[in-house]
Structures are given as structure tokens and as C-alpha cells.
Amino acid sequence: MTPARLARLTPYVYILPAVLVMVAGLAYPIADAVRLSFYDWPLGTDWATARWVGLEAFGEMLRSRQVWTSMGVTFAFVVIAVACEMVLGIALALFLEKPVRGMRFFRTIFVLPMMIAPICVGLIWRYLFDANFGPINQWIGALGIAPRAWLAEPGLAFAAMVLTDIWQWTPFVFIMVLAGLQGLDSSVIEAARIDGANWWQQIVRVKLPIIQPILIVTLLMRMIDGFRGLEVIYVMTFGGPGQATELFSLHIYKAAFISQKLGYSAALSILLLVIVAVLSLAILMIANPLKGSTRQ
Amino acid sequence: MSSSDLAPPRGSPLHYMLLGVLALACLVPMVMMVFTSFKTEAQIFDTQWSWLFAPTLDNYRSVIQDGHIDRYLLNSLKISIAATLITLMLGTMCAYAMARFRFLGREPLGYATLILRTLPPAVLAVPVFVIWSAWGIADTLSGVVLVYVALNLPFTIWLLYGFIDQLPIELEEAAAIDGCGPFKVFWKIVLPLLKPGLAAASIFTFRLAWNEFILSFILTNRVTRTLPASISNYITDTGVEWGKIMAAGVLIALPPLIFTFVAAKQIITGLTAGAVKG
């Protein structure tokens, strides 16, 4: 082989191992999920007995009340939890944006809830919300509020799930916005100040508009995580009571491993895949590392 | 030049008070898990939470001796370390090619990995369970490693791509002029400069492999189970064995907590990558 041809092959040698693993571990399973979605295949039975049903699973999905309930829960969860996290995280970042001594230490503390395992988060909050001996009932008892069966009442269980997510992920929004604010060109803020912009005007007219791309990417990343998540809620409530906290990812898991309908579950996962892919494409339109390349 | 030019100034008391309240809000729930793991059943079921009690190691003794958690710990360690090393190796090579070469298929590969970065684990659960069984790697440690490497690669590639893209290419060109082949340039010039990026990537890869529950729960059996998946042993129809499950929870939470304190800077880098220009 000539040296020139060898040089042309170099990049392929570099990417080949990673590509092979991603094809085997991601692309092929996704393709297989599409194939499985056309079959009726109960868990634990032989593949030979699987029955081709065409688009039947998708029809069943659209008619299923449980699917719509779970989707409703997921959308409500994503909208409420992410809205609270964004408002809280942005507000805190604006209040605390001034670099002060010791901030590094506090930032480390704030990262902890998202570094520990989601199942630990689920465990901790299942314990805190326990109806009989949970500390939360004791705290609200000190305020004169009667104890509640947090994880047994649909509305309260949903609220508990939202609160847990806010605890775990508000620091993420805070850190993202803080990084954005501290990366701002100080001369721009200075110019606005000299032009007579007050504190509020500086925030609304100057700072937030400049870091808008970061805000939108943060928002989309949180929304995607809302659709991806199932481990916290798996441990905390397993979707209950009823379907009150059954996020769609957990619904897919239950369809496969509780209802034992592998093909149907695969069809559900295609729906989830489409939703998440749309949100991911939205991120790409705002922050595309391929386009941001410094050299061409 | 005064010292205040180097270190950021002290904030107002109000500033620190707000920071302190937030830090407590983050820490107290986790500290309560640790405290509960040292309590007896009677102390746990007490309707009054107490910070002062006679601690016991019974829960830890029980999960290690009867629960074989030492075996799961070992499985988790093996899987996490293997997944991290392989992901870093493959990810660095792929990111380097994408940042430094213009080749046919670069853009499709880039977009494919960017989209796969957010793939929900629930989508993989059924097909991976089916395929791994067919390939005979279900219930094996390497089967879990494969799916973790695959899940981690897209994020790792893009994180490292950002780092390599910012490296001055002149260094590599100079080395090439001095007669270094492309592979030598990669090993001797690029890799050493990439250490901060590799640190961030390894923490996030290790975190996913160490913390992941659902795929491990599906893909392992009683022997190959990882630490997070073993949690399910302590949740039964009749209730939760709180003391033991909290002891297991503390063991699961420990490595990520240590990492966070050791490498907070790299973690912030990894978290904000993709939205905030490093």
C-alpha cells in the first residue's frame, strides 16, 4: 500500500473500535427494538413462538389508557419539576454570582446530590417521606401540620417525586447559570451600568439575554433527563400509588418485565426514543460542537 | 498588587448565610442516610428522629456476611474500572480522529453520537436483554461492561473532542515535521496535554458504571450482580429493611462522594461541557 493511501486510512483506524462498540451496544439494540415492536412475544417464551403482529402494538399503545396516564404524569413532572428548578437555579445564581472566597467548597457540596447513585436518592427520600417514622412528618408536625401518608396518596406522591427531583437537580441549573454569568464580558455589564440600567434591568435586558443559549440548553438537558429517568422513582414508589408517579421510562420497564410483553414494550420505547431525539435535535440547533469547530 | 487581586474577596454575611442554608439542604438528607445505617431497627422505627444514639455496625456486618455484599462490591469495582478504561481508550482515539482529520463519514458519525448521547436506558433494556441472551453474554460481567462502554462513549467522545479541538495544532505539526508518525504524535503530544479532559471523562464514566441500576439489574444474576442492583434484595413485599439498605446505600454512595471532593473542578467541567465554552 502506498503511504498516501495508508494516511487516508488513519482516521478510520482511530474511530473503528469506538464505532464497533456503539453499533453493537446502541445502534443494533435500537434497530432490534424496532424489529421486536412488530411481534407479540411474551417474556420467557421461545423466540420461535413469537407472533408477527405488524403495527398492532402501536395501535394498542395509542388506545391504552395506561400509556396516556403515564405520559400525562411524565409531562406534568417534566414541566413542573424543570420549571421550579430553572426559576430557583437562575434566581440563586443571580443572587450568588459574585465570586467570593470559599465558593469552590460550596460548589462541591452542591454537586453531591447529582453525583450519588439515583437509587440512593430514591432510598433517602423514600425514608424521609415515610408515613410512620419519616423525618418530614416530624418536621411538619413541629409546625403543627398533621402527618400525611406522602407516598400512599396520589397527589402527595407526585409532589414528593417533584420535590426529590428539585433537591437533586436545582444545583445543576445553578452551576450552569453561574458558569454562564461568570463567563460574561464584564465591560458589557459596565456599559449597561453607565447607561443607567438598574440591577433588575441589567439582569433582564443584558445578562439573561446574553446567556440565553446556556439557559435553553440547560432547560432541554433537564427535560431529556425527565424522560430518561426511572431509577429514583423505581426505588421510591415503583410508580405508585396506582400510576400516580409512573414516569414513562418506568412504564416501559414494567411493560417488559412485569406485564412480560417484550414486543409491546419495544413499541413503547420507540415512542420514548422519538420524544428524546426531538429534544436532542433542539439542543444541537443551539449548541453544535461540530459547527463550533475552531478550525476547518 | 494586594492579595485580594489573587483570591476572590470575602462575600457579605448574607451571601454566606444563603450559601450555608443551601449546603445544609443538600447535605442533611445524605447525612441522615449515613446516620440511619448505624441505627438499630428499634432506633429506626422510633417516631422521633434522633441525632444522638449508640451507633451499631450490625447493619454493615449483616450486609457483608449474610448479603454477600463484598462479592457485589468486587463485581461493581471490576465492571466500573474496566468500563472506564475501555471507554477512555476508545473515546480518545475517536475524538482525536474527529477533531484532527477530515474524512468521509465524519459528519454522520458526529451527528449519530450527538443524538445517541441522550439515549434513554429504558429504550435499551428490552433489546439488550434479548440480544445479550442470544449472544451468550447475559449474566456475565463483560456483558454489562459492553453496554456501559457503549452508553458512555458518545458523551466521552464529545467531551474530549472539545478538549482536543482547543489544543494548538502547531505542536502536532512541529512533531510531524520532526518525523513523528501520526500514532506517535497522538501518544507523545496529544495524550499528555489531554489529562484534564481525561480526568473529567473518567469520573463521569466511572460514575455511570458504578451508579447504574436498571440495566445491571436486568443483565446480571445472583453471582454477577453489581452493588446497586443488590439493593433490590432489601426491598420486599412486606417492607424495606431500612438498616441494611441504608448501609448498602452508604457503600454505593461513598466512591462518588470521594471523587467529588478530590476532583470537583473536573466534575464542573464535565457538567457544563456542551453548553458553556470551557
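This briefing describes chain B and the interface of chain A with chain B in a predicted model. Local features need pLDDT of at least 70 and side-chain atom pairs count only at pLDDT 80 or more, while totals for chains, interfaces and linings use all residues. Residues are numbered from 1 along each chain as its sequence is written, and chains are lettered from A in the order in which they are written.

**Chain B overall**
- Chain B has 14 helices and two strands, taken as DSSP runs (helices H or I, at least four residues; strands E, at least two) numbered from the N terminus.
- Its C-alpha atoms fill a box of roughly 75 × 65 × 30 Å along the principal axes.
- Of the 278 residues of chain B, 51% are buried (20 or more other C-beta atoms within 10 Å of the residue's own, with C-beta atoms placed from the backbone).

**Interface of chains A and B**
- Contact (C-beta atoms, placed from the backbone, within 7 Å) links 86 residues of chain A with 86 residues of chain B.
- Helix 1 (residues 3-36) of chain A gives the largest share of the chain A side, 19 residues.
- That side comprises 64 nonpolar, 14 polar and eight charged residues (nonpolar: Ala, Val, Leu, Ile, Met, Phe, Trp, Tyr, Cys and Pro; charged: Asp, Glu, Lys and Arg; polar: the others, Gly among them).

**Helices 10 and 14 of chain B**
- The axes of helix 10 (residues 195-211) of chain B and helix 14 (residues 264-272) of chain B come within 9 Å and cross at roughly 80°; axes are lines fitted to C-alpha atoms over the stretch in contact, and angles run from 0 to 180 degrees between N-to-C directions.
- The two helices are therefore roughly perpendicular (65 to 115 degrees).
- Residues making the contact include Ile203(B) and Phe204(B) of helix 10 and Ile267(B) of helix 14.
- The contact residues divide into six nonpolar, three polar and no charged.

Conventions: Angles under 35 degrees count as roughly parallel, over 145 as roughly antiparallel, 65 to 115 as roughly perpendicular and the rest as oblique. Two residues are in contact if their C-beta atoms, placed from the backbone, lie within 7 Å. A residue is buried if 20 or more other C-beta atoms lie within 10 Å of its own, exposed if 12 or fewer, and partly exposed in between; C-beta atoms are placed from the backbone.
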